[in-house]
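Read it with the structure open beside you.

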Amino acid sequence: MKLNERSVAHYALSDSPADHTGFLRTWGGPGTPSTPSGTGRRCWFVLKGNLLFSFESREGRAPLSLVVLEGCTVELAEAPVPEEFAFAICFDAPGVRPHLLAAEGPAAQEAWVKALSRASFGYMRLVVRELESQLQDARQSLALQCRSSWKSVAGRCKPQAPNHRSVGLENGHSLSKDSSPVGLVEEGGSRSSGRGLAEWELQGPASLLLGRGQSPVSPETSCFSTLHDWYGQEIMELRQCWQQRAQRNQPKCEEQDKP
Amino acid sequence: MRYNEKELQALSRQPAEMAAELGMRGPKKGSVLKRRLVKLVVNFLFYFRTDEAEPVGALLLERCRVIREEPGAFSISFIEDPERKYHFECSSEEQCQEWMEALRRASYEFMRRSLIFYRNEIRKVTGKDPLEQFGISEEARFQLSGLQA
């Protein structure tokens with residue numbers, strides 16, 4: 001099976017955050033004997049998301065191996081004597097041998113087992129969805145409190161969505177710089193069009209909850225973040241009107257310009 | 001780099017986020033458009049010959065760019081070589097849009113950012129850390145500092 005190995009290796013070496021790193025002894029992998037024996041090989045392991053990479057050393061420029069941590073469980077194992085602090089990554093799939101690994105101490109063993117157990121994509125997705133709905137609930141209760149003083153809130157609200165800044169347009173990275181966590185978003189004032197804003201924002205975290213065919217424009221929408229975006233757009237348009245009016249009636253209405 | 005093909009094969013059999021028959025063209029010059037069954041499973045895109053059970057190949061979707069090409073078509077490339085593109089042709093504009101959106105969200109890194117964003121927002125609104133209830137607030141993968149790495 002082909003794999004985009006060059007990109008995978010690039011990701012392994014990139015500055016994207018590693019979820020866990022450390023030295024482990026390893027016995028597994030293709031080309032090794034089917035029954036683990038001996039003291040294994042000491043490698044530098046890097047866990048990124050659901051991918052476990054090994055390197056010859058901390059300075060290794062190319063990963064030695066990759067284990068994809070999906071459909072597996074992590075268990076404490078009985079190492080080949082005299083190795084202690086061993087654990088194994090066991091796969092549900094038939095014909096896939098467990099990966100036997102050993103840490104250098106009990107704390108490291110525990111930390112690795114924990115980190116590897118939570119490495120799957122599904123786990124992360126569960127947590128994200130949970131937080132997404134918690135945020136929705138929190139904002140809804142906040143919105144209910146604000147509703148009564150809507151006019152003053154609208155006057156103060158900035159016509160931008162800084163919250164979505166953290167989600168880049170691209171898949172996990174921004175266009176501008178490799179290491180920058182911030183997506184390509186200009187501040188509210190320099191945004192070219194309200195339409196473009198709504199479209200872009202829907203690609204952010206809000207889109208995880210936005211159902212197919214759900215109109216973001218209707219105030220009845222149940223997803224608060226899209227409701228927030230909709231009102232934000234209205235505020236932007238209102239603000240433009242105020243600014244234009246203020247420019248025409250300059251001396252009297254300057255205070256309306258203040259956000 | 002060693003990896004266990006069986007692991008990937010097993011993954012390709014898992015329930016897919018999205019699956020469809022699309023036209024696909026590899027990045028090499030002179031590649032021909034071929035019909036492939038394309039299947040999105042977690043952060044991997046598998047592609048199969050339409051009559052085969054095992055995938056021809058897989059693409060890890062971390063740090064990929066999904067770009068609109070002609071109408072109804074998009075490409076996937078990777079940050080270290082943006083000119084090296086995998087082309088996909090869809091049967092409709094709607095399908096193309098659907099795939100592009102799904103692929104942009106299909107990385108672990110995207111989820112990590114979403115999670116950190118939500119965690120931070122909840123903290124701002126409620127004053128509490130939502131991860132504490134799960135006992136995972138100290139996990140490396142959920143830290144804001146991870147974004148600055």
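Two strands count as paired if DSSP finds at least two bridges between them. Keep that rule in mind for what follows. This is a predicted model.

**A sheet built from two chains**

Strand S1 of chain A, residues 2-3, runs parallel to S5(B), and two bridges join them. Lys2(A) has Gly57(B) in S5(B) as its bridge partner. The sheet is open and has eight strands. Their order is S1(A)-S5(B)-S4(B)-S3(B)-S2(B)-S8(B)-S7(B)-S6(B), with mixed pairing. S1 of chain A and S6 of chain B stand at the edges. Each has a single partner strand, so one side of each is left without a neighbour in the sheet.

S6(B) pairs with strand S7 of chain B, residues 73-78, in the antiparallel sense over five bridges. There, Ile67(B) stands opposite Ser75(B) in S7(B).

**Chain B by itself**

Chain B has three helices and eight strands. Along the sequence, the pattern is β-α-β-β-β-β-β-β-β-α-α. The C-alpha atoms of chain B fill a box of roughly 55 × 35 × 25 Å along the principal axes. Of the 149 residues in chain B, 55% are buried. Among contacts in chain B with a separation of 6 or more, 40% link residues 24 or more positions apart.

**Where the chains meet**

Chain A brings 77 residues to the contact, and chain B brings 69 residues. Together the two chains bury about 6900 Å², and carbon and sulfur atoms give 61% of that area. Met1(B), Arg2(B) and Arg63(B) supply 13% of the area that chain B buries against chain A, more than any other three residues.

Polar links cross the interface too. The rule finds 19 residue pairs in polar contact between chain B and chain A. Several elements of chain B each supply at least two residues to the side that touches chain A, including strand S1, helix H1 and helix H2. H3(B) gives the largest share of that side, 16 residues. By type, the side of chain B that touches chain A divides into 38 nonpolar, nine polar and 22 charged residues.

**Salt bridges**

Side chains of opposite charge can pair when their charged atoms come close. The structure holds 16 salt bridges over all chains. Between chain B and chain A the count is five.

| Side chains | N to O distance |
|---|---|
| Asp15(A) and Arg63(B) | 3.4 Å |
| Arg41(A) and Glu56(A) | 3.7 Å |
| Arg139(A) and Glu121(B) | 3.1 Å |
| Glu93(B) and Arg68(B) | 2.2 Å |

Take the pair Arg139(A) and Glu121(B), which form a salt bridge. Arg139(A) lies in helix H3 of chain A and Glu121(B) in helix H3 of chain B, so the pair joins two chains. Are these two residues buried or exposed? Arg139(A) counts as buried, at 10% relative accessibility. Glu121(B) is buried as well, with a relative accessible area of 7%.

Glu93(B) and Arg68(B) form a salt bridge within chain B. Glu93(B) lies in helix H2 and Arg68(B) in strand S6, so the pair ties together parts that are 25 residues apart in sequence. Glu93(B) is partly exposed at 37% relative accessibility, and Arg68(B) is partly exposed at 30%. Some salt bridges share partners: Asp19(A), Glu109(B) and Arg112(B) are joined into one network this way.

Terms used:
Residues numbered from 1 in each chain as written. Chains lettered and ligands numbered in written order. Predicted model: local features only at pLDDT ≥ 70, side-chain atom pairs only at ≥ 80, totals over all residues. Heavy atoms only, no water. Contact = heavy atoms within 4.5 Å. Buried area = accessible area lost by both parts, 1.4 Å probe. Salt bridge = Lys/Arg side-chain N within 4 Å of Asp/Glu carboxyl O. Polar contact = N/O pair within 3.5 Å; in protein donor to acceptor, adjacent residues only side chain to side chain. Helix = DSSP H or I, 4+ residues; strand = E, 2+ residues; numbered from the N terminus. Nonpolar A, V, L, I, M, F, W, Y, C, P; charged D, E, K, R; others polar. Buried < 20%, exposed > 50% of the residue type's maximum accessible area, 1.4 Å probe, protein only.
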